[in-house]
Amino acid sequence: MKQLFGFLLMILAFHAQAQQSLPSVNLKNLGGKTINTADIAKTGKPVILSFWAMWCKPCLKELEAFNENYAAWKAETGVEIVAVSIDDSRSVSRISPFVKSSGWEFEVLLDPNGEFKRAMNVNMIPHTFLLDAGGNIVSQHTSYVEGAEFELFEKVKKLAGKKK
């Protein structure tokens, strides 16, 4: 029985560490252009993909922290940040003015029907994924605490081949 339990545990651990890639879902950006989510990570650089909503205070704090560091992070590693709003269709019209007033420099995509959210198995927000240059999910976390953005950037630097 112990051997069977150990074998099952090993299989679960393997699946937990297996890299995943992004599903293919068509979303609109704030300019109305259709973006296929499978293409997000085809830049050959690390990508931070964050699911958020306007009503989620921790989401806004995390994205503000990303925005404060984005120019420096991008210059150092080439990282791209993509924020996916899961606000419903009633709130979509308020997102673009909010993003402009916040001065966010990164791409913002709209997922009002939650199709991409479901495909990524996002159940709570903020939910942030880190993708390598090949588009594979290498880490993910939910929620936000102040300073967590620096821990995430250390992972980005490792992916980009930068030393501390």
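Tutor: Bear in mind that this is a predicted model. Start with helix α2 (residues 57-77) and helix α5 (residues 148-159): their axes come within 12 Å and cross at roughly 20 degrees.

Student: OK, so what does that make α2 relative to α5, roughly parallel or roughly antiparallel?
Tutor: Roughly parallel, because the crossing angle is under the 35 degrees used as the cut-off. The crossing of α2 past α5 is right-handed.

Student: Which residues make the contact?
Tutor: On the α2 side you have Ala65, Phe66, Asn69, Trp73, Glu76 and Thr77. α5 brings Glu149, Phe150, Leu152, Phe153, Val156 and Lys157.

Student: And by class, how many are nonpolar, polar and charged?
Tutor: Seven nonpolar, two polar and three charged residues in the contact of α2 with α5.

Student: Switching to the sheet. What's the strand order?
Tutor: It goes β1-β8-β7-β4-β5-β6-β2-β3, in an open sheet of eight strands with mixed pairing.

Student: Which ones are the edge strands?
Tutor: β1 (20-21) and β3, each of which pairs on one side only. For β1 the partner is strand β8 (residues 136-142), antiparallel, over two bridges. Ser21 has Asn136 of β8 as its bridge partner.

Student: What about the other edge? How many bridges join β2 to β3?
Tutor: Three, between β2 and strand β3 (residues 34-36), and the two run antiparallel. Lys28 is bridged to Thr34 in β3.

Student: What's going on in the turn of that hairpin?
Tutor: There are four residues between β2 and β3, and Gly32 takes a positive phi near 90 degrees.

Student: And what does β2 do with β6?
Tutor: β2 is joined to strand β6 (residues 107-110) by two bridges, again running antiparallel. Opposite Asn29 you'll find Leu109 of β6.

Student: Which residues of β2 are on the covered face, and which on the uncovered one?
Tutor: In strand β2 (residues 26-29), Leu27 and Asn29 are on the covered face, while Asn26 and Lys28 are on the uncovered one.

How values were computed. Residues numbered from 1 in each chain as written. Predicted model: local features only at pLDDT ≥ 70, side-chain atom pairs only at ≥ 80, totals over all residues. Heavy atoms only, no water. Axes fitted to C-alpha atoms, helices over the stretch in contact; angles between N-to-C directions. Parallel < 35°, antiparallel > 145°, perpendicular 65-115°, else oblique. Left-handed = near helix turned anticlockwise from the far one by under 90°. Contact = heavy atoms within 4.5 Å. Nonpolar A, V, L, I, M, F, W, Y, C, P; charged D, E, K, R; others polar. Buried < 20%, exposed > 50% of the residue type's maximum accessible area, 1.4 Å probe, protein only. Pairing = 2+ DSSP bridges.
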